[in-house]
Amino acid sequence: MRNNARTGTAMALAAMLLVQFGLAASTGLLDRLGAEGTAWLRLAWAAVILLVIVRPRPRSFTREALLACVALGVVTAGLTILFMAAIARLPLGTASALEFLGPLGVAVVRGRRGAKRWPALAAVGVVLLTEPWHGGVDPVGVGFALAAAACWAAYIVLTQRVGDEVSGLRGLAVSMPVAALVATVVAGPSVLGDLTWPVVFAGLGLAVILPVVPFALELLALRRLTTAAFGTLMSLEPAFALVIGLVVLGQRPGWAPVAGIAVVVVAGIGAERTGTRPVPAVPAGHPVAVAESPTRSAPSVGPTVRPGRVTAAKG
C-alpha cells in the first residue's frame, strides 16, 4: 500500500508536469483560435484518439458506471471552458488561486482529521505562489473561476469513481467524447472558420500532451491515492508552472512565490505520506474484479485487455 501511494504520487506529479508543458506548447493555437477554441480542438482530438485506441463497448458498462462517465465528461468540459473564460477576465494568479479552492475543498472535506493540516498548509502556499493581490477583480470572472473550482472538485471525485467502476481506460474513452460534444456546442461553431490543416494537426499533437496522457495518469493515480491526498498534491501545479517559467521563459519569481513553492512541497510530502488509499472492496462478478487482480496493484492500461483504457486538464 505504501508503494501504491508513491506510485500514485509519481503519476500525479507527471500529469501536472505534462499539463504545464501542454499549456506552454499551446501558445500558437491560443493566438489563432483563442482559449475556448484551443480547448475545444484538444478535447475533440482527445476523444478521437481514445475511441480509436480503446474502442469502449457501452453495453459492457453498468448503468451507474455509464452515468458516472457521462457526468465526468460534462465536468471535464466545464472545467476546461470555465477556466479559460475566467483567465480572459482575471489575472492568471487570481483565477488560479480561486480555482484551487476546488481540489483543496475536496482535500479538506474528505481528509482524515490528522491529514487536514496538509491542504490548509497547501492553501497558504498557493496564495503565495499565485499572488492574487496583484490583480483587479471582475465579478463575472470571479464567478467563472469559482464555477471552474466546483468542476475541478467534481472531476476529482468522479475520476476516482470511474476508475473504481471501470477497468483500464474505458471510462475515459466514454467521458472524453462527452466532454468534446459539450465543448463543440459551446465553442466549436465559433472557430470552425479559422481551422486549417496545419492547425488541425497541431491540435492532434497537443491533445496527446494535454489532455490524453495527463488525464489517464490522474485516473491511475486516484486508484492509489485518497481524493484528499490528490487534491492537496494538485497544489504543486503552480509550482511546476513557476519552475517552467524560470527555466524555459527566463521569468524570475519574487520571494513570495519561492516561499510558496517551499510550502506546497512540504504539504505535498505530507499528503503523500498520509494518502495511501485502502483497497476498495469489489463485488464478485464486477467488471473490475474480473479484469483485474484482487489487490488492484497493477491496473491494465493497454488495449490488450478488452474492454481497455480510461480518461489530460484542465485546459
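Author: Before we look at two helices that cross, one definition: an axis is a line fitted to C-alpha atoms, for helices over the stretch in contact, and the angle between N-to-C directions runs from 0 to 180 degrees. Keep in mind, too, that this is a predicted model.

Reader: Okay, what do the axes of α2 and α10 do?

Author: They come within 7 Å and cross at roughly 70°. Helix α10 covers residues 197-222.

Reader: Why is α2 called roughly perpendicular to α10?

Author: Angles of 65 to 115 degrees count as roughly perpendicular. The two axes cross at roughly 70°, so α2 is roughly perpendicular to α10. As for handedness, α2 passes α10 in a right-handed crossing.

Reader: Which residues of α2 and α10 make the contact?

Author: On α2, they include L29, L33, W45 and I49. From α10 come, among them, V199, G203, L206 and P211. Sorted by class, the contact has 18 nonpolar, 1 polar and 2 charged residues.

Reader: And α3, what makes α2 roughly antiparallel to α3?

Author: Again, look at the angle. Helix α2 (residues 27-54) and helix α3 (residues 63-87) pack at about 155°, and their axes are 9 Å apart. Over 145 degrees counts as roughly antiparallel, so that is the label for α2 and α3. Here too, α2 passes its partner α3 in a right-handed crossing.

Reader: What residues form the contact of α2 with α3?

Author: A35, E36, A39, R42 and L43 sit on the α2 side, facing T76, A77, T80, I81, M84 and A85 of α3. They divide into 7 nonpolar, 2 polar and 2 charged.

Reader: Switching to rings, how many aromatic pairs are there?

Author: The structure holds 3. One of them is F100 with W152.

Reader: Why is the pair of F100 and W152 called tilted?

Author: Two values settle that. The ring centres are 5.0 Å apart, and centres within 6.5 Å make a pair. The planes stand at 55°, while stacked needs under 30 degrees and edge-to-face needs over 60.

Reader: Where in the chain do F100 and W152 sit?

Author: F100 is in the loop between α4 (92-99) and α5 (101-110), and W152 is in helix α7 (residues 139-165).

Reader: Are F100 and W152 buried or exposed?

Author: Both are buried, a label that calls for under 20% relative accessible area. Across the 315 residues of the protein chain, 54% count as buried.

Reader: What about the fold overall, how many helices and strands are there?

Author: The protein chain has 14 helices and 0 strands.

How values were computed. Residues are numbered from 1 along each chain as its sequence is written. This is a predicted model: local features need pLDDT of at least 70, side-chain atom pairs count only at pLDDT 80 or more; totals for chains, interfaces and linings use all residues. Side-chain values use heavy atoms; hydrogens and water are left out. Helices (H or I, at least four residues) and strands (E, at least two) are DSSP runs, numbered from the N terminus. Angles under 35 degrees count as roughly parallel, over 145 as roughly antiparallel, 65 to 115 as roughly perpendicular and the rest as oblique. A crossing is left-handed if the near helix is turned anticlockwise from the far one by less than a right angle, and right-handed if clockwise. Contact means heavy atoms within 4.5 Å. Ala, Val, Leu, Ile, Met, Phe, Trp, Tyr, Cys and Pro count as nonpolar, Asp, Glu, Lys and Arg as charged, and the others, Gly among them, as polar. Rings of Phe, Tyr and Trp (its six-membered ring) pair if their centres lie within 6.5 Å; planes under 30 degrees apart count as stacked, over 60 as edge-to-face and the rest as tilted. Buried means under 20% relative accessible area, exposed over 50%, partly exposed in between (1.4 Å probe, protein chains only).
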